[in-house]
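Hi,

Here is the structure I said I would pass on to you. Have a look at it first, then read my notes below with the viewer open.

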Amino acid sequence: MKLRRWILLALWIISLVIVSFYGGAVSYGLFFGVTLLPVISLLYLVFVYRCFKLYQKIESRNMVAGQPQPYYFVLQNDSFFAFTSVSVKLFSSFSYVEKLPDGIEYELLPGDKFTYETKLVCKYRGEYEVGIKEILITDFFHLFRLRYAVPSTIKALVLPRIVRVKELDSIADIPLLSQQASAFMQTEPDSTVRDYMEGDALKQIHWKASARRQALMVRNKTGEEKQGISILCESKRYSDDIKEYLPVENKILETLLAIGFFFADKSISFSVYYGQNGITCHSVKGMNDFDAFYQNTAAISFDKSEDAHAVLARAMSTGSFRNNKIVFCILHTWDDSFDSLTEQLVSEGVIVVVYLVTEENTDDCLKQNSLRKRIMVLPVDSELEGRL
């Protein structure tokens, strides 16, 4: 297009020189023709811009990430002029249209229309615009181009997908770890007591241990073994740029749903903790509770004010995590505060599995792996199968 403009400018300068030195009807005709050419092209573009019609529709704006949704668009020419070059530009950051070649220019004759039926796929959970973003209209001579902004874009409400994993590699040897953790606890001082929880009988209170720790402590029953499973999910937003935070948040929720489905499908109870202007907890006992769990997960709101450290510390202070066999933490960042809190859990015989959703270098974090604490990195664009 730039080359054509330079050629037109060169022709105009040549015609001006001819008119200046030679004159005559032919010279003036050439000069005015070259001069009016861009004006006519611009008027043509304005006409097309005002007469052009676009229709697009998606079967439902409520979608699931990764699942194709029927979608179609129509380019229509109701005028008496031909539209020589019309091309579409899509919202491509978070979605894509199947089998639509990029860069194709459509020619529409008077009364003609072009219909394209395909499927649209959204990559991430969230609410954002999809489909056609704008139309590019070019004149006959390819000198100028106008952008036709779509007046009513489609905004999709995308739910996170459920990834079904066959195994959790991070806990494949949990029976062995559980036995070793129990043996570890038996060698620890005060291993026969735990924090008091509402509903415990008063006769179970260990008064000497309570006085020593300045908090109510309860004797463990003989043969009592940690059985619970808890999942801590971070809900802090780390950026103002939607292109940065949306993929991370989507992967965090996908991981939460994958772990949740794995346990619910096996009728293994678990609890989920996350921050939503305060600590929020949901319990799932099996597949009967999974639909409600999915809806709650899809509705999680990420915010800069949320603090996963505070959620973890609060849950630990109530004894919720200390009485678990396994605690999963799904995080975006790792620091000394998380390390200290998880080490406290480990010291009490809890197995801690940390999933870090990040693209940053995590070599220092991985060095902290031990028998009862495992840190696993999940790249944002990676598949979960074989990584959990």
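Predicted model: local features only at pLDDT ≥ 70, side-chain atom pairs only at ≥ 80, totals over all residues.

What follows is a walk through the things I found in it.

**The overall picture**

The protein has nine helices and 19 strands. Of its 388 residues, 46% count as buried. How far apart in sequence are the residues that touch each other? Taking contacts between residues at least 6 apart in sequence, 68% of them join residues at least 24 apart.

**The pair at the start of the chain**

Which residues make the contact? From α1 there are Leu8, Leu11, Trp12, Ser15, Leu16, Ile18 and Val19. On the α2 side you will see Ser27, Tyr28, Leu30, Phe31, Val34, Thr35, Leu37 and Pro38. Sorted by class, the contact of α1 with α2 has twelve nonpolar residues, three polar ones and no charged ones.

**Helices α5 and α6**

Next, go to α5 (residues 242-265) and α6 (residues 290-298). Their axes come within 11 Å and cross at roughly 170 degrees, so α5 and α6 are roughly antiparallel to each other. On α5, the contact uses Leu253, Leu256, Leu257, Gly260, Phe261 and Ala264. On α6, the residues are Phe290, Phe293, Tyr294 and Thr297. Eight of the residues in this contact are nonpolar, two are polar and none is charged.

While you are on α5, look at aspartate 265, which lies in that helix. Buried, exposed or in between? Its relative accessibility is 49%, so aspartate 265 counts as partly exposed; the cut-off for exposed is over 50%. Aspartate 265 and methionine 287 are 22 residues apart along the chain, yet their C-alpha atoms are separated by 5.9 Å.

**A lysine in a loop**

Lysine 166 sits in the loop between β11 (154-159) and α3 (174-186). With a relative accessible area of 68%, lysine 166 is exposed. What does lysine 166 touch, leaving aside residues up to four places away in sequence? The answer is Phe262 and Glu385.

Most residues other than glycine have a negative phi.

Serine 267 is not a glycine, but it has a positive phi of about 55 degrees. You will find serine 267 in the loop between α5 and β15 (270-275). It is exposed, with a relative accessible area of 57%.

Asparagine 277 also has a positive phi, near 55 degrees, in a residue other than glycine. Its place is the loop between β15 and β16 (279-284). Asparagine 277 counts as exposed, at 76% relative accessibility.

The partner to look at is α8 (residues 336-347), which packs with α7 at an angle of about 20 degrees, their axes 10 Å apart. Angles under 35 degrees count as roughly parallel, and α7 and α8 are therefore roughly parallel to each other. Their crossing is left-handed.

In this contact, Ala308, His309, Leu312, Ala313 and Met316 in α7 meet Ser337, Phe338, Leu341, Thr342, Gln344 and Leu345 in α8. Those residues divide into seven nonpolar, four polar and no charged.

Cheers

Terms used
Residues numbered from 1 in each chain as written. Heavy atoms only, no water. Axes fitted to C-alpha atoms, helices over the stretch in contact; angles between N-to-C directions. Helix = DSSP H or I, 4+ residues; strand = E, 2+ residues; numbered from the N terminus. Parallel < 35°, antiparallel > 145°, perpendicular 65-115°, else oblique. Left-handed = near helix turned anticlockwise from the far one by under 90°. Contact = heavy atoms within 4.5 Å. Nonpolar A, V, L, I, M, F, W, Y, C, P; charged D, E, K, R; others polar. Buried < 20%, exposed > 50% of the residue type's maximum accessible area, 1.4 Å probe, protein only.
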